[in-house]
Structure formats: structure tokens, C-alpha cells
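Thanks, everyone. Let me put the model up, and then we go through it.

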Amino acid sequence: MAHTSYYSCMENQIAELLQNSRRCAVLTGAGISAESGVPTFRGEEGLWGKFRPEELASMDAFMANPKMVWEWYNWRRQLMGDVKPNPGHHALADLEQIMPSFWVITQNVDGLHKMAGSGNILELHGNIHRNKCVKCNQLCGEDVDIDPDNIPTCTHCGGQLRPDVVWFGEMLDPVVINRAFAESEQADVFLSVGTSAVVHPAASLPMAARSEGAKLVEINPEPTPLTDLADISVRAKSGEFLPRVVEIVREHAGRG
Ligand code: OAD
């Protein structure tokens, strides 16, 4: 019973914040896709598993062993190929329809926000379904299967194709990250959903929002470095919690 009233109190508080705000930015991480069946990165069961990230997701790794890197990305593509957005993704797509300004800033490369119907999406770390040239960065086709033993080459410069994701040691697209900071700094409320908030520059966005006056809300079953800094931090799964918040916001919008 106490459990139920804790959640309903949190839902109401967050819904009220959203109702009283014009601009909202949301940072999402692997946790929002966990309920769709996409593994998160960290932890024993995490995607990085026994590898160090740099061993699989870096230019050095690709140069040393492109076959191994493509085998890993093909496995991840396969994992992500069959998954569908969950109620957490749908709740964010619904909020975009209700709020005057609403942006999803995601570290995820799975494309599930778009599939759920969100329109204002900033993909900080790229998209695993796209390929680009390792040399000239030209985009080279979406959902084109790659044979790790015979990696296709760029039609422009002949470089090998790689996934269009940001690897360790690489810069984020400046247009995308600058827009993410701008939307965060203008936000009245900033939601951090399903991220361990340890990888920068993404992890700096909540702080940038907060220092410009946004209320900071975190939704995560586990505490993170943001927890003590957040105005509200809820220990919950986003696919269970977010739809209830949206329901309250929607009821209120309907009354208004
Ligand atoms: P992590 O794997 O670091 O963190 C996932 C977070 O999701 C954890 O804090 C979990 O507690 C939380 N979580 C798990 N299930 C959840 C659920 N049902 N609802 C809400 N939260 C849940 O993933 P990210 O924070 O996304 O970068 O990692 C950030 C970046 O590190 C990734 O984009 C990737 C990785 O290295 C690159 O590849 C460049």
C-alpha cells in the first residue's frame, strides 16, 4: 500500500511539473529500451559484457579487426531488428503532442523513439541501422546487411563501410550536440530516463539544464550520479511509470 502511494505521489508531482512547463527536454539511455528487450551496456548482463568498450567500439578496434567489429554490430542489429517500442517510448511520443516544446535527446542507437512516433529526436550516438564510410563519412545506405568477410566499400572513395554510430574517442556531430545543449538550457523541465549518466557529453546535459533553471527529474530503477542532484528522482521502470504520468497530464489537458 505504501508502495502504491509512493508512486502515485511521484506521478502526480511530475505530471504537475510538466503541466506547468512549456519546454521539456528528455535524455534517454539504454534503460528506456530495456523493457523492449534491448540489453543495457553496463552491469554483469550488459552489452559490453567481458569486453572493454574500446575493444569493440573504436576506430582502433575497427582498423585492427574490422571483421570482429562487424560481427559484434551484426549481432546487435539482429538483437534490435525484432524489437518494438515499449510503453515508455510511446509515452514520450504522446508528451510531444501535448507540450508546446518537447525534445527527446537519446544516447540510444536503436531507432525506437522514431518507431514510437516521436518527431523531435536528437540521436547523440548515431543510429545502428545506418552505414557510413570509414574514410569520408559519406552515409551509405540504411539496413544494408554487411558480410564481415567481405565488407562493402564506399562508392565515392572506396573506404570500408562502418556502422553510423559514435565510437569511443570520436566527437559527436556538432550540430546535434549543440542543439541538445540549446534545448536542455531552454527547458523548464528536464527528464533523465534510463541512463547511468556517466558518459559525457550526454551526462553534462542534465546539469546544463539545471544550471539554467530547469527542474531535474530522474526515472531509473537504480541510483545514478544524478540522483542526489535531481529535484525528483523515482526508482521505477520507465515503461511502467511514464504512461501513468502522461495519463494524468492528458486528463489535465483535456479539462483545460
Ligand atoms: P547504461 O547501460 O550505462 O545504463 C542503463 C541505465 O538504465 C542504468 O542506470 C539502469 O539502472 C537503467 N535501467 C535499466 N532498466 C530500466 C528500465 N526498465 N527503466 C528505466 N531505466 C532502466 O546505458 P546508457 O546510460 O545508455 O555509448 O549508456 C550511455 C552510453 O554508454 C551508451 O550510449 C554507449 C555506452 O558506452 C556509446 O556507445 C558511445
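Predicted model: local features only at pLDDT ≥ 70, side-chain atom pairs only at ≥ 80, totals over all residues.

A polar backbone atom of Ser238 sits 3.0 Å from a nitrogen atom of the ligand. The protein covers 90% of the 800 Å² of accessible area that the ligand has on its own. Those areas use the Shrake-Rupley method with a 1.4 Å probe.

Residues are numbered from 1 along each chain as its sequence is written, and side-chain values use heavy atoms, with hydrogens and water left out.

Back to the polar contacts, meaning pairs of N or O atoms within 3.5 Å. A polar backbone atom of Phe41 lies 2.7 Å from an oxygen atom of the ligand. For Asn220, a polar side-chain atom is 2.7 Å from a ligand oxygen atom.

Which residues come nearest to the ligand? Among the 22 around it, they are Phe41, Arg42, Thr195, Ser196 and Asn220. Near means a heavy atom within 4 Å.

That shell splits into 8 nonpolar, 10 polar and 4 charged residues. Here Gly counts as polar, and Asp, Glu, Lys and Arg as charged. Helix α2 (residues 30–34) gives the largest share of the shell, 3 residues.

The ligand takes up the space of the largest pocket. A pocket is an open set of points on a 1 Å grid over the protein atoms alone, with protein on both sides within 12 Å along at least five of seven lines. A molecule sits in one if more than half of its atoms lie within 2 Å of its grid points.

**The chain**

We have 10 helices and 9 strands. These are DSSP runs: helices are H or I, at least four residues, and strands are E, at least two. The C-alpha atoms fill a box of roughly 60 × 35 × 30 Å along the principal axes.

**Two backbone details**

His200 and Pro201 are joined by a cis peptide bond, with omega about 10 degrees. Pro201 lies in the loop between β7 (189–193) and α9 (205–211).

Asn137 is not a glycine, yet has a positive phi of about 70 degrees.

Notes: Polar contact = N/O pair within 3.5 Å; in protein donor to acceptor, adjacent residues only side chain to side chain. 1 Å grid on protein atoms, 1.4 Å probe; cavity = no way out; pocket = protein on both sides within 12 Å on 5 of 7 lines; lining within 4 Å.
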